[in-house]
Amino acid sequence: MKLSLKEKSVLPGFGLSLGYTVLALSLIVLIPLSALVLRSSELGLAGFIDTLRHPRVLASFQITFLSAFKAALINVVLGVTVAWFLVRGRFPLKRLADALVDLPFALPTAVSGIALTTLFAPNGMLGSALGKLGIKVAFTPTGIMVAMIFIGLPFVIRSVQPALADLNKELEEASRSLGASRFQTLLRVVLPLLSPAILSGFTLAFSRALGEYGSVVFIAGNMPMKTEIASLLIITKLEQFDYAGAAAVAVALLSLSLLAILLINLLQARTTRYLGN
Amino acid sequence: MNNLPSKDVGALENLLLSGAALSIIGLLIVLPLGVVLKEAFAGGLKLWLESVGDPDARSAIKLTLAVTAVVVPLNVVFGVAAAWALSKFRFKGRSLLLSLVDLPFAVSPVIAGLIFILLFGRHGWMGTWLTDHHIRIVFAVPGIILATLFVTFPFVARELIPLMTEQGSEEEQAALSLGATGWQTFLKVTLPNIKWGLLYGIILCNARAMGEFGAVSVVSGHIRGETNTLPLQVEVLYNEYSFTASFACASLLAGLAIVTLILKTFVELKSGRDAA
Amino acid sequence: MSITIQKISKTFGSFQALNDVTLEVPSGGLTALLGPSGSGKTTLLRIVAGLEAADEGTGGQILFDGVPVTDDPVNRRQVGFVFQHYALFRHMTVFENIAFGLNVKPRGERLSRDEIKGRVFELLKLIQLEQLAQRYPSQLSGGQRQRVALARALAIQPKVLLLDEPFGALDAQVRSELRRWLRHLHDTIHVTSIFVTHDQEEALEVADSIVVMNKGGIEQVGAPNEVFQNPATEFVMKFLGDVNVFHGRIHNDTPIFTGELKDENGVRLLVRPHDLTVQLYPGAGISLPAQVYRVLTAGPLVKIELLNSQNNLVQVHIPHAEYQSMPVKPDQRVYLVPKESRLYGNDNARIEYVI
């Protein structure tokens with residue numbers, strides 16, 4: 001029997017479309033990305049590890065991952081609340097609120113960055129109010145987190161919203177008819193069913209926050225060891241013409257984010273075992 | 001069906017829920033947008049017009065439009081080709097290719113810029129050769145186009161692949177069985193069926209292409225009047241403490257975001273109605 | 001136009017969908033490909049249309065009127081194909097759907113705008129949907145969509161008409177109406193037609209000729225009456241209606257029914273429920289002892305459920321009048337006498353026997 005790579009199809013254009021796809025993907029994405037990996041390997045393993053063990057690099061990774069993680073957790077709470085409102089709440093301008101949710105996607109990150117900084121600066125509208133309570137936001141790690149919350153919020157909302165809308169009302173009614181309170185129903189029936197969607201929203205928000213630059217860099221203050229995120233460190237190294245060092249930090253950031261996403265996906269596979277396959 | 005108010009949500013519960021959700025949307029989303037507009041017009045309309053009409057700002061607007069005009073059509077061609085190959089055929093390596101198409105989404109914008117510096121920068125692999133031949137890629141317009149192309153690469157494909165997979169290929173088979181050629185089938189049957197998805201992808205791709213900051217910031221070199229796109233112009237002015245001018249430029253981008261949201265909502269309504 | 005299918009095989013991965021199928025479909029007839037799901041009937045239809053390619057290297061060929069068309073792509077084979085879910089172009093009106101095949105012809109062969117309009121309206125008249133020309137497919141009922149799909153296929157004046165489960169997606173009442181309509185339509189236009197179905201009643205009612213398929217091969221070809229009255233294999237007998245199975249073996253040239261046997265001596269007697277009579281005493285030929293389990297008198301026929309000597313359920317359907325003349329009660333011991341039965345060996349082939 002002839003070994004074929006593709007099932008026969010009567011539709012034309014397979015060779016052309018696949019060829020173009022692979023060519024464009026290679027030129028724009030794959031070859032440049034492989035340059036990154038090869039460039040960082042110029043340092044050798046020892047040099048690579050040395051670069052990453054530098055306290056400033058470690059500090060930037062810590063602040064980036066920790067802020068992204070906290071921001072994604074907070075976004076789960078905020079995002080589920082908003083999604084719940086958008087699906088089940090009653091409000092005359094709900095459609096408008098629904099459309100506005102995507103603003104952080106649509107607003108260029110530099111614009112979000114300067115807007116958030118102005119809002120949360122010590123003399124800003126929210127910054128002065130919070131300052132009276134003794135909370136500083138702009139130019140502190142909290143500021144980084146606030147920017148990451150802003151950029152990640154739509155991911156959680158847009159993941160949870162369809163899952164909540166598809167949730168079979170009868171399941172909740174069954175739970176109530178079996179004597180469960182509304183709170184028990186929420187805790188034992190609704191949230192477990194939403195957990196895959198919540199997890200995927202969390203993952204998307206988390207990974208976006210890890211790589212985020214524009215909306216964070218203005219509000220962060222960019223103090224080495226304190227409020228310098230990994231993306232900014234890459235730029236700093238580039239400006240010092242330390243190409244290999246920049247590549248090493250980039251490879252580490254990229255692999256750590258892919259690893260984190262992989263772990264969360266495995267977790268998600270476990271929580272959805274009941275779906276079978 | 002989803003719009004029907006659920007009987008389970010009581011009046012008090014609805015009040016609390018709406019209050020909480022609207023505060024989140026108000027504080028985190030509406031307020032930042034409001035600040036942009038407020039700061040942009042803080043010095044009055046005249047100052048806004050002057051800021052936007054400044055030669056550097058105008059050249060930034062032109063560059064942003066030019067880059068977008070190159071990037072969006074290229075991504076449309078790629079998106080349609082990728083979606084055709086990946087949704088209408090089953091072949092070995094298909095799932096690998098599917099995840100590779102999405103790969104740029106997982107790459108931080110700064111890294112997206114970095115990779116082109118590593119390739120084409122003065123100390124990059126092709127740096128010497130390029131300098132010898134007087135070709136500039138990074139710190140010039142081609143680099144901006146490449147970086148923008150990279151970050152917006154999956155937008156169209158990602159909208160079309162699930163849509164075309166779901167639509168299957170029965171209508172195309174029917175067209176072929178009625179005597180249509182491959183191109184006729186694509187133009188008369190496939191394209192009309194995916195037009196809303198395609199438009200949706202174009203809108204999102206366009207918004208990102210015009211607004212991209214991180215990747216472009218790395219490769220642009222920030223040369224005023226030459227390689228500053230509009231988002232970079234916002235940064236440069238802000239860092240010079242020209243807040244009003246910076247926010248004036250930012251307000252143009254905020255306007256773009258609002259137009260994007262309106263178009264997106266319109267396309268969602270329209271395609272939802274067609275599907276029903 | 002006659003269709004010749006020669007030595008066609010088709011594998012999907014490790015699954016053999018068709019195994020060396022050869023079939024002659026006479027010109028002008030309405031032929032049914034009948035079989036359970038997975039029997040290969042739809043694959044065979046799609047190969048005839050050119051929507052699927054047969055395995056290469058087996059010498060398989062498709063011929064229309066003796067001319068090989070195996071290498072013609074689907075858009076040049078000129079077959080009218082009606083898809084199971086219609087595959088109507090959702091963005092075109094009924095009119096545009098039907099006109100599609102005429103509009104995509106190369107400029108030289110294309111009819112004028114007015115001629116196309118005339119042709120489409122002729123077809124709309126044929127399917128009795130003239131007033132719905134400007135509707136979109138989503139605004140039509142299932143039966144209407146089916147007729148539009150048929151008109152669209154007929155518009156290109158196909159050499160052959162192929163229909164994949166044409167009534168599969170419709171509800172029972174529309175189904176039987178459309179069946180009659182399709183038969184009538186075929187009697188009007190006489191184009192060689194093949195349709196695929198898994199519903200034996202549909203095949204028996206509509207087709208001139210039935211091809212019974214199973215596991216990628218052909219079990220029997222014949223007129224509806226022939227296939228129903230003289231099923232060539234046990235599979236055909238079982239697929240065409242309810243049957244009672246009695247296991248036994250051949251002893252001195254006569255079958256005796258004692259229980260299931262796996263070896264070459266094992267035989268099975270297949271009797272349809274309406275071919276059994278219930279008697280109080282054994283007869284001269286085959287008489288099978290049984291015990292009445294339940295009697296259902298509601299319905300057009302009296303249904304008697306019995307347990308045979310191996311404790312298997314046996315169903316008997318008899319007219320009310322016959323039952324009135326000799327009623328039975330649960331637990332009563334009786335004998336079952338087949339009026340009409342078929343005997344099959346363990347190789348699935350039919351065995352002739354004399355009672």
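The model is predicted: local features need pLDDT of at least 70, side-chain atom pairs count only at pLDDT 80 or more, and totals for chains, interfaces and linings use all residues. Residues are numbered from 1 along each chain as its sequence is written, chains are lettered from A and ligands numbered from 1 in the order in which they are written, and side-chain values use heavy atoms, with hydrogens and water left out.

**Interface of chain B and chain C**

- In this interface, 17 residues of chain B are in contact with 20 residues of chain C (contact: heavy atoms within 4.5 Å).
- About 1800 Å² is buried between chain B and chain C, 58% of it on carbon and sulfur atoms (buried area: the accessible area, 1.4 Å probe, that two parts lose on being put together, summed over both).
- Of the area that chain B buries against chain C, 35% comes from E171(B), S177(B) and L178(B), more than from any other three residues.
- Eight residue pairs are in polar contact between chain B and chain C, both residues at pLDDT 80 or more (polar contact: a pair of N or O atoms within 3.5 Å; within protein, one must be able to donate a hydrogen and the other to accept it, and residues adjacent in sequence count only if both atoms are side-chain atoms).
- On the side of chain B that touches chain C, the elements giving two or more residues are α9 (170–177) and α10 (182–211) of chain B (helices: DSSP runs of H or I, at least four residues; strands: runs of E, at least two; both numbered from the N terminus).
- The most comes from α9(B), with seven residues.

**Salt bridges**

- The whole structure has 30 salt bridges over all chains (salt bridge: a side-chain nitrogen of Lys or Arg within 4 Å of a carboxyl oxygen of Asp or Glu).
- One salt bridge is found across the interface of chain B and chain C; R90(C) and E171(B) meet in a salt bridge at 2.9 Å, N to O.
- In chain A, R158(A) and D102(A) form a salt bridge at 3.1 Å, N to O.
- R158(A) lies in helix α8 (residues 141–166) of chain A and D102(A) in the loop between α4 (94–100) and α5 (103–106), 56 residues apart.
- R158(A) is partly exposed at 23% relative accessibility, whereas D102(A) is buried at 5% (buried: under 20% relative accessible area; exposed: over 50%; partly exposed: in between; 1.4 Å probe, protein chains only).
- In chain C, the closest N and O atoms of the salt bridge between R268(C) and E234(C) are 2.7 Å apart, and both residues are buried.
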